[in-house]
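Here is a short report on a single-chain model. It covers fold, core, voids and a few local details.

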Amino acid sequence: MAGLVYSGKAFRDLMNANYYPLANMKKSVAKLKASDDIDLPTLEYGQYHLILNPPSRWPQGSAKYWHKEKGRARVDLSTQPNTVPLSRDEPGVIPLTRCDLLDACVRKCFNSEPPIPMKTKIITHAASDAYAHRHEIRLEWEYKKGSDKPALLNLTMVCPYRS
């Protein structure tokens with residue numbers, strides 16, 4: 001049940017309203033800075049979702065399953081080595097795992113001045129995908145013409161195929 005809710009438009013729109021456009025991202029950063037439940041410099045993917053959106057606003061009660069699903073993704077991504085640099089403006093920063101890369105990208109978005117907006121989506125592997133049994137993360141920075149400083153992060157979480 002949870003996977004279908006997270007990949008749906010209602011969930012995506014709810015989450016992305018926190019990160020895009022820039023004005024919304026600035027409001028989210030201010031809300032997180034005011035919270036005693038999080039530390040922006042050490043932020044990890046998934047910690048901020050329930051702070052920015054109270055469980056009552058999540059579609060179909062999906063907040064109830066968030067920590068379990070987020071935890072599964074983090075475990076999968078922690079076993080996958082990474083060779084991709086954080087971004088063009090930090091080519092020497094190469095986090096060890098895909099989970100570390102995800103966390104570093106999210107921290108970069110929330111801690112930059114000004115913050116970097118994000119667009120997120122969650123999809124599911126096709127049964128025929130080579131690694132259909134595990135989570136995958138696709139992180140694509142957009143840059144303004146002639147700049148190496150990121151202007152937007154497109155973050156796609158690919159969940160395992162479950163029959």
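The sections below go from the whole chain down to single residues.

## Basis of the model

This is a predicted model, in which local features need pLDDT of at least 70, side-chain atom pairs count only at pLDDT 80 or more, and totals for chains, interfaces and linings use all residues. Residues are numbered from 1 along each chain as its sequence is written, and side-chain values use heavy atoms, with hydrogens and water left out.

## Overall fold

The chain has six helices and three strands. Both are DSSP runs numbered from the N terminus: helices are H or I with at least four residues, strands are E with at least two. In sequence order the pattern is α-α-α-α-α-α-β-β-β. The radius of gyration is 15 Å, close to the 15 Å from the globule rule for 163 residues, so the chain is as compact as a globular protein of that length. That radius is taken over C-alpha atoms, and the rule is 2.2 Å times the number of residues to the power 0.38.

The C-alpha trace spans about 45 × 35 × 30 Å along its principal axes. Of the 163 residues, 45% are buried. Buried means under 20% relative accessible area, exposed means over 50%, and partly exposed lies in between (1.4 Å probe, protein chains only). Contacts are counted for heavy atoms within 4.5 Å. Among contacts between residues at least 6 apart in sequence, 61% join residues at least 24 apart.

## Nonpolar core

The largest nonpolar core holds 39 residues. Such a core is a set of buried Ala, Val, Leu, Ile, Met, Phe, Trp, Tyr and Cys residues joined through side-chain atoms within 4.5 Å. Tyr48, Leu102, Val106, Phe110, Met118, Leu155 and Met157 touch the most other members. At least two residues each come from α2, α3 (22-34), α4 (49-52), α5 (63-78), α6 (98-111), β1, β2 (136-143) and β3. Helix α6 gives the most, with eight residues.

What does Tyr48 touch, not counting residues up to four places away in sequence? Its partners are Tyr19, Leu32, Ile38, Leu43, Val106, Phe110 and Met118.

## The enclosed cavity

Rolling a probe the size of a water molecule over the atoms shows where empty space is left. The search uses a 1 Å grid over the protein atoms alone: a cavity is a set of points where a 1.4 Å probe fits but cannot get out, while a pocket is an open set with protein on both sides within 12 Å along at least five of seven lines. Lining residues have an atom within 4 Å of a point. Grid points are joined across faces, edges and corners, and a volume is the space filled by probe spheres set on the points.

One cavity reaches 30 Å³ or more. The largest cavity has about 100 Å³ of space. Its lining has 15 residues, with Phe11, Tyr45, Thr120, Lys121 and Ile122 nearest the centre. The elements giving two or more lining residues are α2 (9-19), β1 (118-124) and β3 (150-159). Helix α2 has the largest share, four residues. By class, the lining has nine nonpolar, four polar and two charged residues. Here Ala, Val, Leu, Ile, Met, Phe, Trp, Tyr, Cys and Pro count as nonpolar, Asp, Glu, Lys and Arg as charged, and the others, Gly among them, as polar.

## The second largest pocket

This pocket has a volume of about 200 Å³. Leu22, Pro114, Pro115, Ile116, Pro117, Lys144, Ser147, Lys149, Pro150 and Ala151 line it. They divide into seven nonpolar, one polar and two charged.

Lys144 lies in the loop between β2 and β3. Is Lys144 buried or exposed? It counts as exposed, at 62% relative accessibility. Beyond its neighbours within four places in sequence, Lys144 contacts Lys149 and Ala151.

## Local details

Asn16 lies in helix α2. It counts as buried because its relative accessibility is 15%. Leaving aside neighbours within four places, Asn16 contacts Met118, Lys119 and Thr120.

Two cis peptide bonds deserve a look. The bond from Tyr20 to Pro21 is cis, with omega near 0 degrees, and Pro21 sits in the loop between α2 and α3. The bond from Glu113 to Pro114 is also cis, with omega near -5 degrees. Pro114 is in the loop between α6 and β1.

Gln60 is not a glycine, yet it has a positive phi of about 55 degrees. Gln60 is in the loop between α4 and α5. At 61% relative accessibility, Gln60 counts as exposed.
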